[in-house]
Amino acid sequence: MSRRVLELMLLVALGASVGWAANEAALTFGGALVGAGLWALRDTIQSVRVLRWFNKADPSRMPAYGGFWGELLDRARKLAKKLEKKAQNSDARLEDFLAAIQASPNGVVLLDASGRIEWCNLTAANQLGFDPQRDLGQYVRNMVRHPAFNAYLNAGDFGHEITIDGVGPRPSQPTKISLQLHPYGKKRKLMLTRDVTAVQLAETMRRDFVANVSHEIRTPLTVLSGFVETMQSLELSPEERHQYLGLMSQQAHRMQTLVNDLLTLSRLEGSPAPGQGEWVSTQELLDHVVQEGRGLTQAISAAAPHRIEPLDSQPFWISGAKSELISAMSNLMSNAVRYTPGGGLIEPGWRLRDDGCAEFFVRDQGPGIAAEHLPRLTERFYRVDRSRSRETGGTGLGLAIVKHVAQRHGGRLEVSSELGRGSSFNLVLPPTRVREAEPG
């Protein structure tokens, strides 16, 4: 400021000095006014250029002034640079915040006061079936066409969440989406969504599991209780007593088998996957399972035992938990024996596939399985023929055990069947668990 005043005084003094040299008072005063006017004109031009620069705020074209305007421009430049850096930091934090919301497994939708979509992440868009860019500005009630959602919006009570159908892999299999609105700001709303399909499926499976276990145990318990009451209240001949005790033993064995299968499933689900340390010969596994199958067919169909004929193949070595592999193979063999009519042919065996995988297969000449049953065969307690399974002592857990063993070894269970022509069950293991030569 002092420099600016000094410049004004110098120009006034210079103009006055011209009149003073002419020894004229009027010229002296006029010269001073001219000097002041020149200073004002120069200052006005500089101020206009400074104001113009402030309007554009282009640091690369900042006027090069000294004095007051130069200091003002320098301070303005520093302040603008500081504000720009602060804005960049805010933008970066906002981008990080939005990236975090995008990565969230839950859906997030921001709605304005009128219920239009201001922003949403990809999760919400995929769950509710709209485009996160194209549908911005659309009314959310037009994008989520579900009666329960419209009723939820109209009621205005957002203290609880609702569940609606979302976009599924197929129209017949919609996902279940839970959503809730949270008001904030000036009548704006935050809508949070999450996929609860797996949760509801698990809850349904839990209910079905409890109901099935209760049903499976109730039947033999009822039989046992009835026989015990009969033996306590009636005088029985030795033959009748022997018959009743045999039936009681049969039902007790059925319950024991069910409990053992449940414990096996629990152990498979709760223990770590088997490593690559233990190698076992496929011939050893096959001999064990064939022996069990022949013992079972003698117990079930003594009058017309099944023909169990293993197919010859070059033995090789499999890595995995021997007890689990035997359990899975035995369950496949057991199913073939239980569902194939007496005297039918059952062909088990091991083979190497062209893709390097190992495959244990069991082919039977049973009644076959209709196509609609195939996707559900590995569900717990699911039976195609319930009466046949119970007559032969099946628990409905065998294929569930096979599936878990296959998955724990990195493999899978494949089933092919045709009504009236039998079935083929294949336990496939990956190439990493196969060796053709005996491991050293």
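**Close-ups of a predicted model**

**View 1. Strands E8 and E13 side by side.** Strand E8 (residues 317-319) pairs with E13 in the antiparallel sense, over two bridges; strands (E) are DSSP runs of at least two residues, helices (H or I) of at least four, all numbered from the N terminus, and two strands pair if DSSP finds at least two bridges between them. Here Ile318 sits opposite Val434 of E13. This is a predicted model, where local features need pLDDT of at least 70, side-chain atom pairs count only at pLDDT 80 or more, and totals for chains, interfaces and linings use all residues. Residues are numbered from 1 along each chain as its sequence is written, and side-chain values use heavy atoms, leaving out hydrogens and water.

**View 2. The open three-strand sheet.** The order is E6-E8-E13, with antiparallel pairing. Strand E6 (279-281) and strand E13 (434-435) are at the edges with a single partner strand each, so one side of each has no neighbour in the sheet.

**View 3. Inside the largest nonpolar core.** A nonpolar core is a set of buried Ala, Val, Leu, Ile, Met, Phe, Trp, Tyr and Cys residues joined through side-chain atoms within 4.5 Å; buried means under 20% relative accessible area, exposed over 50%, partly exposed in between (1.4 Å probe, protein chains only). Of its 42 residues, Ile318, Leu332, Trp350 and Phe360 touch the most other members. Helix H10 (322-339) is one of the contributing elements, and H10 gives the most, with eight residues.

**View 4. Out on the loop at Ala371.** Ala371 lies between strand E10 (358-364) and helix H11 (386-391) and is exposed, at 58% relative accessible area. Ser416 is 45 residues away in sequence but 9.1 Å away in space, C-alpha to C-alpha.
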